[in-house]
Amino acid sequence: MPTVSETIPAALQPDVDAALAWFNRDQDISFEVTGILDPDDALQHDSPRELKLVLCGGDRCEQRSFRIADTGSAREVGFLEDAAAADASDSAEKQAELDPPPGPRRGWLDRTLGQHEFTVVLFYRGFW
């Protein structure tokens with residue numbers, strides 16, 4: 001079972017920042033990192049490093065896996081290729097392990113309650 005941490009270890013912060021910037025460049029909304037899966041495993045590898053991040057933006061949160069290679073002058077970022085295959089065969093089980101990731105809705109409920117008379121929050125198989 002993966003370990004989810006809200007705190008990003010200092011040694012991983014440059015890689016996390018690079019992955020977030022790379023991910024956000026193709027998004028309509030800006031995401032932020034609200035958690036990292038298995039940070040101790042990520043710290044054991046130098047380059048390429050595999051990061052599994054919980055990204056939240058707007059009304060949604062996603063768990064995305066990245067491969068980051070430090071080329072000396074820059075970082076090359078891409079999605080972890082075998083994560084897509086694992087997700088296809090195992091997605092229900094993986095989502096259940098992440099429910100709910102810590103801190104995914106920072107401020108969302110407070111903003112939503114102020115805008116509406118009532119709010120329905122639905123949780124089903126790892127999705128909020």
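**Strands, rings and charges**

Analyst: We may begin with strand pairing. Strand β4 (residues 60-70) and strand β5 (residues 75-79) run antiparallel and are joined by 5 bridges. Please bear in mind throughout that this is a predicted model.

User: How many residues lie between β4 and β5 in the hairpin, and which residue in the turn has a positive phi?

Analyst: The hairpin of β4 and β5 has 4 residues between the strands. In its turn, Gly-72 has a positive phi of about 100 degrees.

User: Why is the pair of Phe-23 and Phe-66 edge-to-face?

Analyst: The planes of Phe-23 and Phe-66 stand at 85 degrees, with the ring centres 6.2 Å apart, so the pair is edge-to-face; the cut-off for that class is over 60 degrees. Phe-23 lies in helix α1 and Phe-66 in strand β4, so here too the pair ties together parts of the chain, 43 residues apart in sequence.

User: Are Phe-23 and Phe-66 buried or exposed?

Analyst: Phe-23 is buried, with a relative accessible area of 3%. Phe-66 is buried as well, at 0% relative accessibility. Both residues belong to one aromatic cluster, formed by Trp-22, Phe-23, Phe-31, Phe-66 and Phe-79.

User: Let us turn to charges. What is the general idea, and how many salt bridges does the model contain?

Analyst: Side chains of opposite charge can pair when their charged atoms come close. The count for this model comes to 6 salt bridges. Among them is the bridge of Glu-50 and Arg-67, whose closest N and O atoms are 3.5 Å apart. This pair links distant parts of the chain, with Glu-50 in strand β3 (residues 49-57) and Arg-67 in strand β4, 17 residues apart. Glu-50 is partly exposed at 37% relative accessibility, and Arg-67 is partly exposed at 32%.

User: Which residue forms a salt bridge with Asp-26, and is Asp-26 buried or exposed?

Analyst: The side chain of Asp-26 meets that of Arg-25 in a salt bridge, at 3.6 Å from N to O. Asp-26 is exposed, with 55% relative accessibility, and Arg-25 is likewise exposed, at 54%.

User: How far apart are the closest N and O atoms of Arg-64 and Glu-62?

Analyst: The closest N and O atoms in the salt bridge of Arg-64 and Glu-62 are 2.9 Å apart. Arg-64 counts as partly exposed at 30% relative accessibility, whereas Glu-62 is buried at 17%. Salt bridges may also share partners, and in this way Asp-15, Arg-49 and Arg-75 are joined into one network.

User: Where is Asp-15, and which residues does it touch?

Analyst: Asp-15 is found in helix α1 (residues 13-24). Leaving aside residues up to four places away in sequence, Asp-15 touches Arg-49, Leu-51, Ile-68 and Arg-75. With a relative accessible area of 6%, Asp-15 is buried.

User: Which cysteines are joined by a disulfide, and what is the handedness of the link?

Analyst: The model has 1 disulfide. The bond joins Cys-56 to Cys-61, with 2.1 Å from S to S. The link of Cys-56 and Cys-61 is right-handed, with 110 degrees about the S-S bond. As to burial, Cys-56 is buried at 7% relative accessible area, while Cys-61 is partly exposed at 26%.

User: Finally, how does one compare separation in sequence with separation in space?

Analyst: Consider Thr-34 and Leu-53, which are 19 residues apart in sequence and 7.8 Å apart in space, taken from C-alpha to C-alpha. Thr-34 is found in strand β2 (residues 32-37) and counts as buried, at 1% relative accessibility.

Note on methods:
Residues are numbered from 1 along each chain as its sequence is written. This is a predicted model: local features need pLDDT of at least 70, side-chain atom pairs count only at pLDDT 80 or more; totals for chains, interfaces and linings use all residues. Side-chain values use heavy atoms; hydrogens and water are left out. A disulfide is a pair of cysteine sulfur atoms within 2.5 Å. Buried means under 20% relative accessible area, exposed over 50%, partly exposed in between (1.4 Å probe, protein chains only). Helices (H or I, at least four residues) and strands (E, at least two) are DSSP runs, numbered from the N terminus. Contact means heavy atoms within 4.5 Å. Two strands pair if DSSP finds at least two bridges between them. Rings of Phe, Tyr and Trp (its six-membered ring) pair if their centres lie within 6.5 Å; planes under 30 degrees apart count as stacked, over 60 as edge-to-face and the rest as tilted. A salt bridge is a side-chain nitrogen of Lys or Arg within 4 Å of a carboxyl oxygen of Asp or Glu.
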